[in-house]
Structure formats: C-alpha cells, structure tokens
Amino acid sequence: MSPVIEALELTRNFPSRSGWVGAKRDVWALRGINLSISRGETVGVVGESGCGKSTLGNILLGLDSPTGGGVRFEGKYLHDFKGAHRRQMRKRMQLVFQDPFGSLDPRRSVGAQIADGLRNHDVVPAAEIPAEVARLLTLVGLAPSVAPRRPSQFSGGQRQRIAIARALAPRPDFIVADEPVSALDVSIQAQIVNLLADLREELDLAMLFISHDLHVVRHLCTRVVVMYLGRIVEEGPAEQIFTAPRHPYTQALLAATPSLKRPAGETGKVLDGELPSPANPPSGCAFRTRCALATGDCASAVPPLETVGPERRTACFHADLTAGQGGLQ
Amino acid sequence: MTRAQRSLYIWLGLAAVLIAFPLLAPVLPLQPTIGMDIPHRFAGPSAANWLGNDEYGRDVLSRIIWGARASLAVAFGSAFCAAVIGTILGLLGGYFRGITEVLAVRSTEIVICLPPLLLAMLVITILGAGVLTLTVALTILFVPNYTRVVYAATLQTGGLDFVKAQEAMGTHPLKILARTVLPNIVPPLLVQFSLTVASGILLESGLSFLGLGVVPPAPSWGLMIRAARAAMDQQPLLLLWPSLALAGTVLLLNVICDRLQDVLSPKTAARGGAAWLRRQIKRTPDAPAPEVPLLKIEDLSVGVALEQGSMGLTKGIAFEVKPGETMALVGESGSGKTLTGLAMTGLLPNALSVTGGHAWFRTEAGVVDLAALTEEEFGPLRGNDISMVFQDAAAALNPVHRIGDQLAEIIQCHRPMPKQQAEAEVVELLRKVGIPDPERRIRAYPFELSGGQRQRAMIAMAVANAPKLLIADEPTTALDPTIQAQILRLFAKLKEDNPGMGVIFVTHNLAVVKEIATHVSVMYAGQVVEQGTVEEVFADPRHPYTKALLASVPESDAERLESIPGTVPQPGAMPEGCRFAPRCGHAAAACAAPQPLLDTGEGRTTRCLRWADLWKDVA
C-alpha cells in the first residue's frame, strides 16, 4: 500500500545565539528523520520533551518548514505548493492539540468553529453546513444541539471531542494528534482513545499519535517510533517495541513508566541524568551520556538505524547485547 | 440579560443622554456662546447663567455644551481613526512578521521619536488650522500607540493553539486575522482607546491654545481650561466646570470600556479580593480537640461564596494520616482533591472557604484545627510543620530571585540563623534532593534549571524545615517519564530520611499511587468514595467508581478501553443521592438517597450502599 505521507531525511535546526555577541549555534530539533504512514495506520511517536516530536508533527502538516529533506503527501512534495494551493492541501491534513482549553477560540460558538473547516474548502454546500456540523458532533459523541454554545460551557473531555470534530470537518486523510489525551482524566482519556480508534477504522485515517504515555501508545498504535534528541532511535510494530525493546533508551523509558501491574515494592530501573541540551548534543550517539552500555565507539560515530528484525530497526551499536531485556508489564 | 450586559446598557444609556446635549445644541434654548457681557464677567452661578459667566461674561453652560462638539469630535474622531489604522498595521505586522513587520510596525515607530506637539504643529502648518486638520494630526500621533499594543497582543495570540488550528484548516490568513485574532485582542485595544480619547482632549486644548486647533472665540473644553487657568485666582469655578466635563467624559468612557470587556469576555470575572480585604470568618471549633497522631480530617467541606449563597464544592471529606504514612488522594479533575490539599495549608483561592468540618493536626503546642485557623495563625505552620509541593515548579518559584536565596529565606523565616549557616544548610539541602554541583547551583535563577531540577528545588524548599506533613499536588504530572521516575524515587528517599513525615500525595495517575503511597482515598465529585490501603483497594475495589477507574487505565489487553460514560457532575448540579449513580451500571432505587461512608472492615470504607451485594464473595 502506498503511504499517505512520507518524511524523507527531514532535518530542522533552529538558529540561536548565546548572548548578544556569542557564537551562532544551531539547535538541532530533527535530524535525518525518515518515516512513512499509510491509510488506517497509527504511528505513535514517543520520547521526552525536547526530543522533536511536536516539531515533526508540525513539519508533516506543513505548519513549519524543514531545513533539509522534504515531506511528500500522496507522492507530491509539500514545498512545491504555495498560497491557495497550499491551503487547499491543508484540508487533507489536520491537527488535534494537547490542551483542550487552549485549542478552541473562547469567543466563538463551537458550531461556528467546526463550520470554518467546511466553509473554507466548500466541503458541503452552504445550506447543508448546519446538518454537517450536527453530523460531525454526533460522530464524536456529542448532541447536535450543543453547536451554539461557547467552549467555556464544556468540560475538558467534551472540548477534546469538539476539537476532534473540527479536525474531521474538512474530511482529512491524515491527522496529527499531539498529546491529545495527556491533559484529560483517566476515564475521559479512555473515551477519547476509543473514539480515535473508532474514527481510524471508520474513516480509514492515517494518524501520527504523539504522546509520552506509553500505555496509551501501546493500546492505540500499530507502529511506534522512539525519538531521542531529534533522531529516531528505534522503530517497529507497537507490540514488539513494548514487549521486546532493543534500544537501551526504549528499555529505560519502559522501565520508568509506572504500572499497575508491577508488583508492589518493585520499582523499575531509574535512568539517571537528563536530556542533554539540543544546542550542544554529545558527539556520536546522543544517548551515550546516560547509557550503561556506552563504549568508546558510541562517542565517535552516530549509530545508524539498522534492521534488527522484520520491520524492526534500531540505532544502537550494542543492539546484540540488548535482546531479551526490558519490556512493559 | 446577564448582569454585565445590564450594567453596560445602563452606562451606555447615560452616555447617550450626555451626548444628546452637544448634538442638540442648536435647538436647545442656550444663550449665545460669543455674546459678551463685560459687566458680568466672572459672575458666579445664577438663575440665568447656571454655571456663571466667564472672563468676557459669556455663559459657561452653553460654551461647555457647544465646546463639547469640537472637543469630542476631535478626540473621538482621532482616537477612532488611529484605532482602525493602528490595529490593521499591528495585526499585519504581528501575524506576518518579517518585512511586513518592518513596514507596518517599525516605520510607525518613527513617529514616536518626534516630539508630539511639534509634529502636530508641523501637520497643521502644512494643512491649515481647523477641527479636521487637528483630527488628522492627532490620528498620526496616536497610530503608533495602537500599532504597538495590537502588535504585542497579536504576537501573543498568534502563538495560541486555536489560531494554529485555523492555519491547519487552510483558512485564508486575512480571515484568521479578522475572525480569530481580532476578537481576542479586543481587551487591550479598548483600554488603549479610552486612554487615547483622554489624551486627545488634552492635546486638543494645547493646540487650540496655540491657535492651531479650534479658533477662538469658538468654544472648546481645551480653550476654556486654558482661559480659566489665567483667571484662577479671580474665579476658580471657571476651571472646575470644563475640568469636570473632561474628567467625567474620560471616566464614563473607561467604565463603558470595562463593562464592554466584561460582556465580551467569555469568562466571568473572578470575585473576592486581596486576602486582607476579605471578611475574615473566624470559625470557632465547636468540638474539643481529639488526640490525633498527625492529621485527622473530619467531615471537611469547602464551598464557594456566590451572590445567591454558597455552593458546596467538597462535602464531608474524612481521612486520617499517621506519621510515616503516604495518603494518596486520587480522582478526576473537579473531584476536590486539590482543594482538600489547599485547605490544609490555608491557601484556598480567594472566593473559596472552608464551610464545615475539622482538620485536626498535631503541632508542638498541641492539636489545632487547620480548618478554623486565621491567616496569621497559619503563618508559623506553613513551610514549617506543613509544606506543599506544587505541580508547576516554574510557576511556583520566583523567577527573579536566585534558588539559594529563596531556599535560605524559607529556612530563616522559621529558624532565624546567620546567613552563612543558612547557606551551608541550603547547599546540603540541594545535595539531598539530588541537584548536581549545589555550591554553584545556589546562584542559579529558576530559568537556568531544567524542569526536573526545578521540581527538585521546590521539593527542597518544602522539606527545608523537616515538615511533619508534606502535601504534594501532582508533583510529577508535568514531568517526562524518566524524570518522573527520578522524582518518585526522591520522594521515597526523603521518607526514609524522615520516617515520621506524613505525606498527602494528590494525583490522578493510579500507577503512580501504586508506586508511592501506602493508603489511598479515591475521590469523586467532592466526596471520598473509597478508602483503604493501596494494595487492598487496587486488588479488590469496593466502589463501582474505583473499579471503573482502574479498568479505564490502558494497561489491559482488551481491544477497547473501559470508559465511564458521561462526565463528572458540575458543582451546583450534584445528584441528591449517590453522586456516581447517574454513571453507575449498578445504581438501584436506594442510591437516590445520600450515601454515608460505610465501614467495610479491615480499616476500609466505601460510599457504596450496594458493595456487599455487588461483591458478595469478598464480603
């Protein structure tokens, strides 16, 4: 199956300067990212803040431009489109935000905000807009009668449903969900995760699901990429990544995730230290400063993303040592 | 009609009445504005001349009303034109940035560099004096003010998610500006408008005086003030009338702008005020203090004061924390877990107060009721016996003071000691919470630390005086998994170091509860619904809500997650009986009555009437 969206050698630096006259130094947000997503597939992106997850989402949607590499949507490069064509393209790709309180305009009714997406691209004739808004609200599990209300009259979970309805309005093929459930309560989170899973099936969407909650990613995603400091360090089918992680960082991430199933009193191995500054990353493998397996090789060269199994790739020189360790209970 | 709308209409009505006077001036039975009456110059108010006569014996009332036409036309006209132009430039510059920003914003700032009066004189000299020219000159002067305000507001609003959502939807940029950005920057725009009108009236007076605006003998407020100032010692009242008209106009405009903001704002303004201005309700303990090991909360309720009486937010919270125990308060947002934590430290938000119950706490001096303490009585306890760790360390630490100074302050506040000694203690403290290189780090400002280190610094602050009770409100929620694991380990270590410390750990994450707590109180809609040790409650929940909550954690292998239908009831619309009944699959007729917390043995309680029926095998 041909992918809906592909990232090819994506690189993004943010230029920065330390102080007024300090040396110019690029902050590397993304480095050499290759990724493709097909219809009906949900790719989970996990990693800690500052690893470039959200930048990746923004670039795939065309809301930010890469410094190197390109994004192909249905085989066509996004950067070939400008102005009105670009906006026309945008209706095919939509975004669901993390914060349900910040992502809706507080001053306009939710119906009007959902209708924006319909009006912008003449998805349906003007006369049918109210009916279509009602259909979208029903699709996300809300009563059509709520359309004239303002966002402040809704709870967090309901707002997230509205945000999803708004994203679905222009009938997209690809959705980026940037931490869509991390601001929600557990019971509401389950509702939204179920809703996203249903929509994926019903509408055959390609989805990029950005999250730091590994349990949710495991539940919802078909494939997972793990990012560390702007690079993909591991990639593979979700179930395999969670049961048999190969990169030491993935293993550490899984160990750090609290679990109800973990026997009482037993805490996971805690990774020391913090994410190095993306403005001054370590040479070679970026994870080597926190890695127990690090050797001299790790400092001298960046480990390439190598195939370690069917559809499995990992970027570690010591991948042969890590097999059979770690995993989420 | 809401209260805010009613208030706006009242003020608008008043403004309409006042504006009617100058508008109707030609048909009102006013005396001529330029008819001199030298014998009666500086005469006081009389039946014929209500506000008296000026230095040429002209009627002051009719000059004020006629003068309003010129003054208000210039002030409002220039303020409005400048608002339109400045807003457009600011929106374009702030949204598109780059070259547009240079052209739209930076270029208007050149105007700011020139002395305002000089610039206005230049414009008027070129175009000739008159009301219209004056309006043009003032418009040019005011444009940069609006541009800057709107530019700043646009930069801020443009970064918000809902604007990004419009971009993602492919909305035309100009449509985004008009429909999404503009309505959200109205508040600062309105403030700027009322300021500009006021300064417009004043500038008009100055320029008119120089013969560059309204030409005497035609009246304007500015001219009247100028003239009256010269004759101040002969007839001070002459200065009063135009000044009153000026001040009244500006105040009225400010009030209308404020009310307009209230009406336009999607949120209702917060009530209450500074703590020391509020009525201190001294609640006298109506029961003798019982003997408690550390903390015992009995029937604690927190409510919000509204116009129509108070509304309960939490009701009948009861739990006990013994030394060395970690009690987790777990529940969804709106369940009252944070409020309960805040009530223990007397830090409830302004509009909220404890409306009933007790929180008995053992101090050196004996048992006190935390629910009945005044602000002054809380002072010595907070940060000493009881301390708190907040979720957002970046917001809780003062950004302009060094970490070391903030820590030293809390130590010296409760245990006076010389600076050197305090500093040594701070270094030790930072080392204890795992901040590397503490000798250097005490000189760091909060922004120089990473998120995890800031959280460590705040924990250091909380444990600085070895508290008996530590309240942690979602301390790891904002952190990454590996950092969260480090902080949880730190909490475990602190408890080892200080085994007598009781901890209340507020969180919504059940897996974290399992990791850190010994006891758990599950909260729902302002009530505790189930209590017991973590191990027992998680293994064998005895309330349908606890059971559903545990099932909705995405750790099972089930294809679909268990989710609880519906949402948490809103305060003010709580069900009469069991608050979970509307979402509960096991609700029966008896659940419609208020439910007490039932003792189910082995130190466990549940607020479910049917627990024994539903879990017969365990009962």
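**Salt bridges**

I counted salt bridges over all chains and got 39. My rule was a side-chain nitrogen of Lys or Arg within 4 Å of a carboxyl oxygen of Asp or Glu. Side chains of opposite charge can pair when their charged atoms come close. The model is predicted, so I kept its limits in view: local features need pLDDT of at least 70, side-chain atom pairs count only at pLDDT 80 or more, and totals for chains, interfaces and linings use all residues. I used heavy atoms for side-chain values, leaving out hydrogens and water, numbered residues from 1 along each chain as its sequence is written, and lettered chains from A and numbered ligands from 1 in the order in which they are written.

I looked up A:E74 and A:R92. Their side chains form a salt bridge, N to O at 2.9 Å. The pair links distant parts of the chain, 18 residues apart. A:E74 sits in the loop between β4 (68-73) and β5 (76-77) of chain A. A:R92 sits in the loop between α2 (83-90) and β6 (93-96) of chain A. I took helices (H or I, at least four residues) and strands (E, at least two) as DSSP runs, numbered from the N terminus.

Next I checked cover. I called a residue buried under 20% relative accessible area, exposed over 50%, and partly exposed in between (1.4 Å probe, protein chains only). A:E74 is partly exposed because its relative accessibility is 35%. A:R92, at 24%, is partly exposed too.

I then turned to A:E235 and A:R223. Their salt bridge is 2.9 Å, N to O. It links distant parts of the chain, 12 residues apart: A:E235 is in strand β10 (residues 231-237) and A:R223 in strand β9 (residues 223-228), both of chain A. Buried or exposed, A:E235 and A:R223? Both residues are buried.

In chain B I found B:D613 bridged to B:R610, with the closest N and O atoms 3.8 Å apart. B:D613 has a relative accessible area of 46%, so I filed it as partly exposed. B:R610 is at 22% and therefore also partly exposed. I also noted one network, in which salt bridges that share partners join B:R97, B:E101, B:R106, B:E109 and B:R148.

**Surface patches**

For patches I took residues with over 30% relative accessible area and no salt bridge, joining like charges within 9 Å and nonpolar side chains (Val, Leu, Ile, Met, Phe, Trp, Tyr) within 5 Å. Areas came from the Shrake-Rupley method with a 1.4 Å probe; for residues, only the protein chains shown count as cover. Lys and Arg counted as positive, Asp and Glu as negative; His and the chain ends were not counted. I placed each charge at NZ of Lys, CZ of Arg, CG of Asp or CD of Glu.

Which residues gather in a patch of negative charge on the surface? I found A:E201, A:E202, A:D204 and B:E559 there. B:E559 lies in the loop between α21 (544-551) and β11 (598-601) of chain B. I counted B:E559 as exposed because its relative accessibility is 72%.

I found a nonpolar surface patch of about 600 Å² as well, made by B:L122, B:I126, B:L127, B:L132, B:V136 and B:I140. Helices α4 (116-127) and α5 (131-158) of chain B each supply at least two of its residues. I placed B:V136 in helix α5 of chain B. B:V136 is partly exposed, since its relative accessible area is 36%.

**Helices in chain B**

In helix α6 (residues 161-168) of chain B I listed B:F162, B:V163, B:A165, B:Q166 and B:A168 as buried. Just after α6(B), B:G170 takes a positive phi of about 80 degrees.

I looked up B:K337 in helix α11 (residues 337-345) of chain B. B:K337 counts as buried because its relative accessible area is 6%. A polar atom of the B:K337 side chain lies 3.4 Å from the backbone oxygen of B:E332.

**Strands**

I noted A:E9 in strand β1 (residues 5-17) of chain A. A:E9 is a residue other than glycine with a positive phi, near 50 degrees. B:D299 is in strand β1 (residues 295-306) of chain B. Phi of B:D299 is also positive, near 55 degrees.

Last, I located A:G32 in strand β2 (residues 24-37) of chain A. A:G32 and A:I232 are 200 residues apart in sequence, and 8.4 Å apart in space, C-alpha to C-alpha.

Key
A polar contact is a pair of N or O atoms within 3.5 Å; within protein, one must be able to donate a hydrogen and the other to accept it, and residues adjacent in sequence count only if both atoms are side-chain atoms.
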